[in-house]
Amino acid sequence: MGAVRTCRELRLVTDTADQGILRRVFADLHIHIGRTACGKPVKISGSRDLTFANIAHEASERKGIGLIGIIDSHSPAVIEEIDALIGAGEMEEVPGGGIRYRNTVVLLGSEIEVRDPGCGPAHLLVYMPDLAAMRTFSSWMSKHMKNVTLSSQRIYVTARTLQTTAYELGGIVIPAHIFTPHKSVYGSGARRMAEFLDLERIAAVELGLSADTEMAGLLTELDRYPFLSNSDAHSLAKIGREYNALLLAEPSYTEWLKALRGEAGRTIMANYGLRPQLGKYHRSYCTQCACVFDQDHAVTDRCPSCNGRIVRGVIDRLLSIADRNAGTAQEDMAEHQQASARPPYIHQVPLEFIPGLGRRTLDKLFDHFGTEMNIVHEVPQASLAEAVGTDIAARIADARSGILQVEVGGGGYYGRVRIERR
Ligand SMILES: [Zn+2]
Ligand SMILES: [Zn+2]
């Protein structure tokens with residue numbers, strides 16, 4: 001299956017390469033900032049070395065990601081930092097929107113928590129076209145939240161007001177990790193986005209680590225929106241654990257918007273992500289005995305072994321709010337244009353999850369082949385084997401094609417990759 005999809009993807013590249021305009025750009029659009037350049041916290045749970053400059057450098061030099069969305073760019077200290085980087089000539093604003101650093105263009109974003117009356121909390125991602133718009137947006141936000149310097153803060157206006165303000169500034173809104181049990185539109189917000197969001201002012205939705213295209217296809221409300229798969233990284237190493245392949249003329253904000261709308265040949269070519277079972281909120285779990293329930297167990301509100309309270313995993317929540325039958329979903333979706341034109345979702349195990357692939361081996365791979373995207377997408381297995389041996393090379397090849405087996409994740413723990421002896 002993986003091989004067939006990869007062929008389709010390659011054909012797309014060659015078709016358009018003939019025209020000499022569009023090219024494949026890897027994009028990961030949800031990265032948090034841990035600290036400002038002078039060490040002040042932004043995302044408290046984020047790693048210390050996750051600064052604006054370090055993220056751009058990691059994306060350009062190690063990951064090979066051409067378009068990177070830095071969430072938390074609204075923080076006034078971060079805006080100052082960007083100003084300084086531009087002033088020093090290390091970065092520059094690009095005409096289409098975004099900030100270039102070497103091989104990567106950074107998009108400026110912010111993750112914001114909304115909570116409308118009668119609804120639960122939900123995270124929204126807002127992206128601004130350029131630094132001037134982000135500055136205006138940040139000062140507007142500061143009037144409606146307790147501490148604008150921090151990440152993912154609650155805003156005290158309705159979700160629709162936030163949407164209107166973002167769009168008036170030329171920005172867009174994308175609901176974040178839409179099914180996760182804590183703070184997402186479907187996981188905790190409401191059964192339907194329409195209950196608190198303006199459906200016209202949503203540019204795409206982010207699937208999140210425990211979901212994929214097939215799962216999201218069970219909700220008809222999502223038929224009209226493109227899907228994105230992003231890492232939501234809280235450390236440099238996690239950048240690119242989920243990402244998208246886009247077909248663009250160049251990495252920039254306007255080109256990205258065209259891809260989301262499918263304009264002028266720009267498109268999302270593929271989503272790359274973890275198998276949903278690897279995500280840490282995939283299955284329901286008991287808060288008391290931490291027991292995770294697998295597919296075969298019917299899910300109730302109370303744990304069958306200790307009677308503790310059960311937190312619903314992404315898959316169980318989704319099945320409880322779905323309005324499309326899993327069995328007939330494929331045919332059903334084909335009737336809807338946007339849904340039937342969906343790019344493939346390719347299940348890929350990130351390099352850091354591969355057993356036996358430690359830091360030293362990884363460094364060796366980077367020394368030989370440059371970036372992670374190169375290692376994952378381009379380098380032939382034989383060349384990998386020459387650098388790090390046949391065993392590891394075979395595992396990387398398995399990861400590419402989605403053959404690696406995984407154990408189910410849940411209760412805040414990631415699933416694990418299992419090596420089957422062949
Ligand atoms: Zn979030
Ligand atoms: Zn986030």
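**Entry 1: helix 15**

I started with helix 15, residues 390-401: its twelve residues reach 17 Å from first C-alpha to last, close to the 16 Å expected at 1.5 Å a residue. That expected span is 1.5 Å times one less than the number of residues. The helices (H or I, at least four residues) and strands (E, at least two) I use are DSSP runs, numbered from the N terminus.

A note on the source before I go on: this is a predicted model, in which local features need pLDDT of at least 70, side-chain atom pairs count only at pLDDT 80 or more, and totals for chains, interfaces and linings use all residues. Residues are numbered from 1 along each chain as its sequence is written, while chains are lettered from A and ligands numbered from 1 in the order in which they are written.

Which residues of helix 15 are buried? I found Ile-392, Ala-393, Arg-395, Ile-396 and Ala-399. Seen down the axis of helix 15, the buried residues fall within an arc of 160°, so they line one face of the helix. The arc is taken over the directions from the helix axis to the C-beta atoms. Thr-390 and Asp-391, on the other side of helix 15, are exposed. For these words I count the other C-beta atoms within 10 Å of a residue's own, with C-beta atoms placed from the backbone: 20 or more is buried, 12 or fewer is exposed, and in between is partly exposed.

Then I checked the cover: helix 12 (359-369) and helix 14 (381-388) are among what lies over the buried residues of helix 15.

**Entry 2: helix 2**

Next I looked up helix 2, residues 52-63, which also has twelve residues. Helix 2 reaches 15 Å from its first C-alpha to its last, close to the 16 Å expected. Its buried residues are Phe-52, Ile-55, Ala-56, Glu-58, Ala-59, Ser-60 and Lys-63. What covers them includes strand 1 (23-31), strand 2 (67-71), helix 3 (76-87), strand 4 (99-101), strand 5 (104-114) and helix 13 (372-377). After helix 2 comes Gly-64, with a positive phi near 75°.

Most residues other than glycine have a negative phi. I noted two that go the other way.

His-177 has a positive phi, near 25°. His-177 sits in the loop between strand 7 (172-175) and helix 6 (185-189). Is His-177 buried or exposed? It counts as buried, because 28 C-beta neighbours lie inside 10 Å.

Asn-307 has a positive phi of about 65°, and its loop runs between strand 12 (285-286) and strand 13 (310-311). Asn-307 is exposed, with 11 other C-beta atoms within 10 Å.

I moved on to strand 6, residues 122-128. Seven of its seven residues are buried, so strand 6 is largely enclosed by the rest of the structure. In a regular strand the side chains alternate between the two faces of the sheet. Here both faces are covered: Ala-122, Leu-124, Val-126 and Met-128 are buried on one side, and His-123, Leu-125 and Tyr-127 on the other.

How many bridges join strand 5 to strand 6? I read seven, with the two strands running antiparallel. Strand 6 also pairs with strand 7 in the antiparallel sense, over four bridges. Pairing here takes at least two bridges found by DSSP. Glu-113 has His-123 in strand 6 as its bridge partner, and Leu-125 stands opposite Ile-174 in strand 7.

Leu-124 came up again in the largest nonpolar core, which has 98 residues; Leu-124 and Leu-246 have the most contacts inside it. Such a core is a set of buried Ala, Val, Leu, Ile, Met, Phe, Trp, Tyr and Cys residues joined through C-beta atoms within 7 Å. Beyond its neighbours within four places in sequence, Leu-124 is in contact (C-beta atoms, placed from the backbone, within 7 Å) with residues including Ile-112, Ala-159 and Val-173.

I also looked at Ile-172 in strand 7. It counts as buried, with 21 C-beta neighbours inside 10 Å. Ile-172 and Tyr-127 are 45 residues apart in sequence and 5.5 Å apart in space, C-alpha to C-alpha.

**Entry 3: the whole chain**

Last, the totals. I count 15 helices and 16 strands in the chain, and buried residues make up 45% of its 422 residues. The average pLDDT (the predictor's confidence in each residue, from 0 to 100) is 88, and 86% of the residues score at least 70. Over residues 1-19 pLDDT stays under 50.

Conventions
Contact = placed C-beta atoms within 7 Å.
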